[in-house]
Amino acid sequence: MSPGRHHLQIPGPSNVPERVSLAMARAVIDHRGAEFPELTLRVFRNLAEVFATRHPVLIFPCSGTGAWEAALVNCLSPGEKVLVFETGHFAALWKEVARKLDLEVVWVEGDWRRGIDPQIAEDHLRRDPDIAAVLAMHNETSTGVTSDIAALRGAMDACGHSALLLVDAISSLACAPLPMDDWGIDVVISGSQKGLMLPPGLGFNAVGEKALARAAGATSRNSYWNWQAMLDNNRGGYFPYTPATTLLYGLDEALAMLLGEGMENVFARHARHAAATRAALAGWGLENVCVNEHEYSNSTTAILLPETCDADRLRKMILERFNLSLGIGLGRLKGRCFRIGHLGDFNDLMLAGALSGVEMGLELAGIPFRKGGVNAALRFLTGGEA
Ligand SMILES: Cc1ncc(COP(=O)(O)O)c(C=O)c1O
């Protein structure tokens with residue numbers, strides 16, 4: 001690997017700011033001691049603000065997959081139906097988790113280039129009053145497509161359906177607006193390693209009243225993931241088992257950074273970097289996996305290469321030559337696309353560096369493209385026309 005810093009531009013884990021790293025470089029304290037709630041009660045409060053909810057946000061020591069499972073095993077019972085949309089690789093993985101937990105999956109196929117169609121959702125819900133929950137990806141990280149969750153909620157309301165709405169915000173929390181309470185979301189699922197700028201290791205379930213009420217009567221077996229045990233302990237600032245103390249120090253600092261910047265500013269910063277990335281893409285004459293403009297992602301851009309090109313070879317060359325890690329094509333997009341993550345602790349020059357590495361790599365790999373994408377992005381960033 002070449003000297004100098006590594007450029008981590010995958011769509012999460014994202015770069016951990018120095019402030020967060022330093023906050024974690026502290027001695028571990030007693031998680032049952034008197035001083036622990038001072039940290040955790042502040043974290044719970046600030047976390048709820050970032051989730052835009054007055055409901056509790058539960059913190060599990062786990063990856064995003066664990067947070068998916070936690071949501072399913074608390075508010076659903078084996079044999080219940082869940083409606084899931086094939087937006088991409090992560091939707092397919094969540095569906096498999098549901099299936100393994102003996103939920104009956106109603107799977108709406110998709111082409112991995114579009115978000116959830118609210119009309120199709122409404123049609124399914126009208127036909128099937130037994131659907132117990134709708135599982136929706138907000139940002140599908142494998143494709144860089146963001147679904148319109150407010151419109152999905154509108155579709156559920158239009159047919160007066162009582163299904164719960166569970167939303168995966170693993171790569172959209174603190175990147176794009178998802179006001180949980182205003183949009184009537186019952187459970188928001190997220191993780192630490194993307195917009196929250198932390199290392200991997202924390203999973204979140206923000207839990208609304210309707211989901212909690214369902215949980216009281218649900219019969220899926222669970223122990224580690226039990227919401228009620230977590231809630232009972234959290235009330236005093238504690239956990240039912242040993243929490244990831246060091247990551248909580250980091251979370252405390254990351255939340256202070258985000259709220260200090262202001263969530264609207266955080267979203268605007270992400271939207272601007274996403275738009276600059278798309279300006280580069282247009283300049284290169286390459287194709288965005290996301291086909292609908294209103295579904296462009298604030299956190300991830302997936303770039304489709306011509307059929308004859310190998311995106312994995314391109315990524316490998318870019319890593320070896322420029323010490324720049326780009327996101328891999330996942331599932332059915334393997335080898336067909338690469339992804340640029342523009343999320344978390346990120347600024348204009350980091351983006352300029354990443355785009356420069358891509359443009360040089362495209363040339364070295366002999367990919368058919370037009371030069372000038374980087375210039376288009378720089379013009380965008382300095383306020384000129386892309
Ligand atoms: C949108 C989304 N959901 C779920 C997951 C799975 O999370 P994890 O790999 O942390 O288990 C990811 C991982 O990148 C993701 O991007």
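The following legends describe close-up views of a predicted model.

**View 1. Residues surrounding the ligand.** The ligand is surrounded by 13 residues. The closest of these are Ser 63, Thr 65, Thr 141, Asp 168 and Lys 194. Sorted by class, the shell around the ligand consists of seven polar, four nonpolar and two charged residues. Helix α3, which spans residues 64–75, supplies the largest share of this shell, namely three residues.

View 2. The ligand taken alone exposes 390 Å², of which the protein buries 85%.

**View 3. Strand β2 and its pairing with strand β10.** Strand β2 comprises residues 57–61 and is mostly covered, with four of its five residues buried. Strand β10 comprises residues 202–207 and runs antiparallel to β2, to which it is joined by five bridges. Within this pair of strands, Phe 204 of β10 stands opposite Ile 59.

View 4. Ser 325 belongs to strand β13, formed by residues 324–326. Its relative accessibility is 16%, so Ser 325 counts as buried, the limit for that class being under 20%. The side chain of Ser 325 makes a polar contact of 3.0 Å with the side chain of His 6. Leaving aside residues up to four places away in sequence, Ser 325 touches His 6, His 7, Leu 8, Gln 9, Ile 10 and Leu 319.

View 5. Leu 41 is part of helix α2, which covers residues 36–50. Because its relative accessibility is 34%, Leu 41 counts as partly exposed, a class that lies between the limits of 20% and 50%. Apart from residues up to four places away in sequence, Leu 41 touches Asn 234, Arg 235, Gly 236 and Gly 237. Ala 282 is 241 residues from Leu 41 along the chain, and the C-alpha atoms of these two residues are separated by 46 Å.

Technical notes: Residues numbered from 1 in each chain as written. Predicted model: local features only at pLDDT ≥ 70, side-chain atom pairs only at ≥ 80, totals over all residues. Heavy atoms only, no water. Helix = DSSP H or I, 4+ residues; strand = E, 2+ residues; numbered from the N terminus. Buried < 20%, exposed > 50% of the residue type's maximum accessible area, 1.4 Å probe, protein only. Contact = heavy atoms within 4.5 Å. Polar contact = N/O pair within 3.5 Å; in protein donor to acceptor, adjacent residues only side chain to side chain. Near = heavy atom within 4 Å. Areas by Shrake-Rupley, 256 points an atom, 1.4 Å probe, with all protein chains shown as cover. Nonpolar A, V, L, I, M, F, W, Y, C, P; charged D, E, K, R; others polar. Pairing = 2+ DSSP bridges.
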